Amino acid sequence: MTHAPWKAVLQKTLESNLKKHKDAVFTQLATISAAGRPTVRTVVFRGFSGEASSDDLAPNATSDLLQFTTHIESTKVQEIMANPWCEVCWWLPETNEQFRFSGKAYIIPSSNHELCRAYPELDAHFQNFSGGFDWEKERLAVWKAMSPGMKASFTWPKPGAPRTAPDSGFTSKVEEGRSPEDQVTKSIENFALLIVAPDTLDHVELLKKPNERRVYVKNESSWVMEELNP
């Protein structure tokens, strides 16, 4: 993989913003509905694939893959499986910067789920790693790092469906070794990674006068940056 020149810029900006804004990891993901209309929701950035989980998976691996998580029965999963094109738009208030990524989204569910697919094209997004990346190990490692409350949310009834279950059907915590085994299993089985492989980034800096805007576009072998009017 060719090094993504925007990655260090995003990491530095996130570091600056997280000092005062713990919600800087929240960003907006837009997909296309079955009716061809845009749909957008807030998601949580979980780091770059291969870097945010346990070191024994791929100890030296780095990537430019944006990693998020989702319930496998979420509407956005079906939207992405039907049309993977998406955008991620990040507004970071401390530094007054916007990062707008365009690219394809990929769903990584449990390895025994009917939606499980092989995506060998994602291997090209890694550096310091060769061979097929073990996405099931990555998925499980990310799940283990989730809070008990977040783990519990993956046991809840289908997101977006009419609410018919009593409040007791919405478990508040799931913890390995403490919660019933069927709840742990259900949480793991419903937990999926949502990976965005960007091919374009539009970056705007509004603190600078005049404002600065750069677009990064990925071609077959490298990233190309061009300065634009803000």
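Tutor: Rings of Phe, Tyr and Trp (the six-membered ring for Trp) pair if their centres lie within 6.5 Å; planes under 30 degrees apart are stacked, over 60 edge-to-face, and the rest tilted. Ring pairs of this kind link Trp6, Phe45, Phe48, Phe68, Trp90, Phe101 and Trp223 into a cluster. This is a predicted model, where local features need pLDDT of at least 70 and side-chain atom pairs pLDDT 80 or more, while totals for chains, interfaces and linings use all residues. Residues are numbered from 1 along each chain as its sequence is written, and side-chain values use heavy atoms, leaving out hydrogens and water.

Student: Why is the pair of Trp6 and Trp223 called edge-to-face?

Tutor: The centres of Trp6 and Trp223 are 5.8 Å apart with 80 degrees between the planes, so the pair passes the 6.5 Å limit and the angle is over 60. Trp6 sits in the segment before helix 1 (7-18) and Trp223 in strand 10 (residues 223-228), so the pair ties together parts 217 residues apart in sequence.

Student: What makes Glu87 and Arg100 a salt bridge?

Tutor: The rule asks for a side-chain nitrogen of Lys or Arg within 4 Å of a carboxyl oxygen of Asp or Glu. For Glu87 and Arg100 the closest N and O atoms are 3.3 Å apart, so they qualify.

Student: Is Asp64 buried or exposed, and how do you know?

Tutor: Buried means under 20% relative accessible area, exposed over 50%, and partly exposed in between (1.4 Å probe, protein chains only). Asp64 is at 0%, so it counts as buried.

Methods: Helices (H or I, at least four residues) and strands (E, at least two) are DSSP runs, numbered from the N terminus.
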